[in-house]
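Okay, thanks for coming, everyone.

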Amino acid sequence: QVQLVESGGGLVQAGGSLKLACVASGNIKSINVMGWYRQAPGKQRELVAGILNLGIPSYADFVKGRFTISRDNAKNTVFLQMNSLVPEDTGVYYCNLKQPHNGDPSYDFWGQGTQVTVSS
C-alpha cells in the first residue's frame with residue numbers, strides 16, 4: 001500500500017503564493033507519476049500538474065506560467081509552488097501517485113487533500 005500526506009494549504013490573498021508538499025510512503029515503485037489535482041465546490045476533480053519520476057512535468061493550461069511542480073525522489077516528495085494565485089484557484093488540492101498495483105499498470109493512490117483558499 002501507499003500513503004500520501006499533504007501539507008502547505010491555507011488562506012492567501014489574490015496575487016499571493018503557497019507551496020504544497022506531499023510525502024509518499026509505503027510500497028513506492030521505481031517508475032511512477034506524482035501529481036496534484038484539485039476540486040472546487042460543486043465541480044469535478046481536475047488535474048493541475050503531474051511529474052514523472054524522471055522529472056518531466058506537465059501542467060493544465062490554467063496554471064501554466066504560475067505553478068511549478070517538482071519532486072525529490074530520494075524523499076518520495078512532490079511539491080507544488082503556486083504563484084499569482086487567483087480566487088478561481090480555491091479548492092481542495094489532492095496529491096496523487098500513479099504506479100502499477102495489483103495488476104493495474106496505473107493505479108491511483110490519493111492523499112486526503114489540503115484546502116487552498118484564495119481571497120479577492
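So, G50 stands opposite S58 in β6. Strands here, by the way, are DSSP runs of E with at least two residues, and helices would be runs of H or I with at least four, numbered from the N terminus. Two strands pair if DSSP finds at least two bridges between them. β5 and β6, which covers residues 57–59, do that over 3 bridges, in the antiparallel sense. They form a hairpin with 4 residues between them, and in that turn G55 has a positive phi of about 95°.

Before I go further, a word on what you're looking at: this is a predicted model, where local features need pLDDT of at least 70 and side-chain atom pairs count only at pLDDT 80 or more, while totals for chains, interfaces and linings use all residues. Residues are numbered from 1 along each chain as its sequence is written, and side-chain values use heavy atoms, with hydrogens and water left out.

Back to β6, where you'll find P57. P57 is partly exposed, because its relative accessible area is 38%. The scale there is: buried under 20% relative accessible area, exposed over 50%, partly exposed in between, with a 1.4 Å probe and protein chains only. Leaving aside neighbours within four places in sequence, P57 is in contact (heavy atoms within 4.5 Å) with G50, I51 and I69.

On to the partner of β5 at residues 33–39, strand β4. β4 and β5 (residues 46–52) pair in the antiparallel sense over 6 bridges. G50 turns up again here: G50 in β5 is the bridge partner of G35. The β4 and β5 hairpin has 6 residues between the strands, and G42 there takes a positive phi near 75°.

Now the other sheet I want to show you. 4 strands form an open sheet in the order β1-β3-β8-β7, with antiparallel pairing. Its edge strands are β1 (2–7) and β7 (67–72), each pairing on one side only. From one strand to the next, the twist averages 15°; axes are lines fitted to C-alpha atoms, for helices over the stretch in contact, and angles run from 0 to 180 degrees between N-to-C directions. In general, strands of a sheet pair through backbone hydrogen bonds, either parallel or antiparallel.

Inside that sheet, 6 bridges join β1 to β3, and E6 stands opposite C22 in β3. Another 6 bridges join β3 to β8, where the partner of A21 is F79.

Keep C22 in mind. What does C22 join up with through a disulfide? C22 is joined to C95, S to S 2.1 Å, and the cut-off for calling it a disulfide is a pair of cysteine sulfur atoms within 2.5 Å. The link is left-handed, with -85° about the S-S bond. It connects distant parts of the chain: C22 is in strand β3 (residues 18–26) and C95 in strand β9, 73 residues apart. Both C22 and C95 are buried, and the structure holds 1 disulfide.

Next up, charges. A salt bridge means a side-chain nitrogen of Lys or Arg within 4 Å of a carboxyl oxygen of Asp or Glu, and the whole structure has 5 of them. R38 meets E46 at 2.9 Å, N to O, and D89 meets R38 at 2.8 Å. R38 counts as buried because its relative accessibility is 6%, and D89 is buried because its value is 1%. E46, at 32%, is partly exposed. R38, E46, R66 and D89 are linked in a network of salt bridges. Elsewhere, D61 and K64 meet at 3.2 Å, N to O, and both are exposed.

Which phi do we get for S84? Near 50°, a positive value in a residue other than glycine. S84 sits in the loop between β8 (77–82) and β9 (91–101), and is partly exposed at 41%. N102 also has a positive phi near 50°, in the loop between β9 and β10 (104–110). N102 counts as exposed, because its relative accessibility is 72%.
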